[in-house]
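I opened this model to look up its cavities, its cores and a few of its helices. My notes follow in the order I made them.

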Amino acid sequence: MSTLLPPGLVEPPTIPASRYAGADLLPTPLSARTWNARHFASLWVGMSVCIPTYMLAAALIQSGLSWSAALAAIFIGNAVTLVPMLINGHAGTRYGIPFPVFLRAAFGPRGAHVPALLRGAVACGWFGIQTWIGGLAIHEMMTILVPDWALFGGAWLWMGFTLPHYIAFLLFFVMNLYFVWNGTESIKWLETLTAPLLIVAGLALFWWAAVRAGGLGGMFAGATTLGGAQPFSFGLFLPWVTAMVGFWATLALNIPDFTRFAKSQRDQAFGQASGILTTMPLFAFIGIAVTSATVTIYGEAIWNPVTLVARMTVDLDNPVLGFIALLVLMIATLTTNIAANIVAPANAIANLSPVRLTTRMGGLIAAVIGIIIMPWKLLDSYQTWLITYSGLLGAVGGVIVCDYLVVRRGYLRVADLYAERGAYTYDMGINRAATIAMGAGVATALAGLLHPSVRFLFDGAWFSAAAVAFVLYALLMRSSPASDVVTSQGELT
């Protein structure tokens, strides 16, 4: 990476006042860049160790993949996502700029709103899902503390859930608002503090399952009943690899929102790689192993860890242990939700009017959107949703990676990113080349739905969308009037 992109960090210049220069979106000065490799690794531990990761392999295995193929799809998806993540993260680290500002180099200050809001919309959906899951953990915790909790509200039901479910959902929502209000530094503190706890909790759950199942042999004896009985099929494997890329395709785009605080390129690159390539496959493996053990222990596969902990609490007659386990699950969900699903939409919404809107206000708006979209319904179309939005984000990723890596070779005019008239003004604030390339990438992925012979375009939506957007953008920018395209000698024109 260092041979392709310029090394080092740049002290931001003084940014003149403009409608694009809101205080929360200004570049981070070198003195405020305090995140080291441990902080980034902790960030990824906090985001990866969560209930959706634990349950991730369930959908893959139940669709027909073997457990080993499911783990392979998860690892490959993470490895693929890491590449654009490190490239985009390089920009945040070098220049101290957040994601919406980084987008302006390729899309223009007005054109950047579309990809920023696309990313933000996906995050709002995930915020709702994680908030619902966290609420389920609180619901079980309240059941332990107050045995009659589940009876509150009587027989009232809405969409299959009782009043206590929705109260717990709102309680977890309010907990999230605390970190929304206190910003990125509060996320850093939370992730660093809880990362070791989450790893220990996952390993403790694995140990409990191994002991109760009578050893590793008994633990994996139920693996053949989990569902992955079909022979390996690339046609089945590819959509799930795409879905796994889609799982973190969001963070691959807006990672500058975090790397803008990095002390060095090594800190952001090593910290991210060590976190994402180890923790998520490990926790998915624990999910598979423990679920396999539940077949031996309980005679049925229990994929949801909240349900499993509730079952354990009853069987062990140890409400204190059950409460602690549920508390850990709730913290795991909270750390993922704040880092992965609030920062991006908060910045995207603030970018709509940087002078009038703050990231705090953007975060509150995003959080409200996340709960009014009825997140429990989104879980009904898990794979289709992941593949579809990963294709959309793949197109955005293809454009910005090409712009930073190929067109500009890592060199940006920071002051012009905030200027009303500058190197990135393009045509009335919109770079038509970026918009056309992004649209072509999305159209290519969706074209896979038109006929079975081109279904691979949709099954590999992220790959097809990113590739088309990348190549087309490079071709269109060859004749670009942009004033900071880099020459073959590595100099800005």
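I started with the second largest cavity, which holds about 50 Å³ of space. The model is predicted: local features need pLDDT of at least 70, side-chain atom pairs count only at pLDDT 80 or more, and totals for chains, interfaces and linings use all residues. Residues are numbered from 1 along each chain as its sequence is written, and side-chain values use heavy atoms, with hydrogens and water left out.

I noted the terms next. A cavity is a set of points, on a 1 Å grid over the protein atoms alone, where a 1.4 Å probe fits but cannot get out; lining residues have an atom within 4 Å of a point. Points are joined across faces, edges and corners, and a volume is the space filled by probe spheres set on them.

Which residues line the second largest cavity? I found Val49, Leu198, Ile199, Gly202, Thr279, Leu282, Phe283 and Ile286. Six are nonpolar, two polar and none charged (Ala, Val, Leu, Ile, Met, Phe, Trp, Tyr, Cys and Pro count as nonpolar, Asp, Glu, Lys and Arg as charged, the others, Gly among them, as polar). Helix H7 (184-212) and helix H12 (279-298) each supply at least two of the lining residues. H12 gives the most, with four. Helices here are DSSP runs (H or I, at least four residues), numbered from the N terminus.

I stayed with H12. Its 20 residues reach 27 Å from first C-alpha to last, close to the 28 Å expected at 1.5 Å a residue (the expected span is 1.5 Å times one less than the number of residues). Since 17 of those 20 residues are buried, H12 is largely enclosed by the rest of the structure. Buried means under 20% relative accessible area, exposed over 50%, and partly exposed in between (1.4 Å probe, protein chains only). Gly299 follows H12 and has a positive phi, near 85°.

I then looked at helix H6 (residues 163-182). H6 also has 20 residues and reaches 30 Å, close to the 28 Å expected. Its buried residues include Pro164, His165, Phe172 and Asn176. Just after H6, Gly183 takes a positive phi of about 80°.

Back to the cavities. The structure holds four of 30 Å³ or more. Among the residues lining the largest cavity are Cys50, Trp126, Trp248 and Asn341. Which helix gives the largest share of that lining? H9 does, with four residues. The lining of the largest cavity has six nonpolar, four polar and no charged residues.

Trp248 turned up again in the largest nonpolar core. Of the 125 residues in that core, Trp248 and Tyr473 touch the most other members. Helix H9 (residues 234-254) contributes the largest share of this core, 13 residues. A nonpolar core is a set of buried Ala, Val, Leu, Ile, Met, Phe, Trp, Tyr and Cys residues joined through side-chain atoms within 4.5 Å. A second, separate core of 24 residues includes Val49, Ala289, Val290 and Ile302.

Last, I checked Leu357. Leu357 lies in the loop between helix H15 (343-352) and helix H16 (359-372). At 24% relative accessibility, Leu357 counts as partly exposed. Leu357 and Asp24 are 333 residues apart in sequence and 9.1 Å apart in space, C-alpha to C-alpha.

Technical notes
On a 1 Å grid over the protein atoms alone, a cavity is a set of points where a 1.4 Å probe fits but cannot get out, and a pocket is an open set with protein on both sides within 12 Å along at least five of seven lines; lining residues have an atom within 4 Å of a point.
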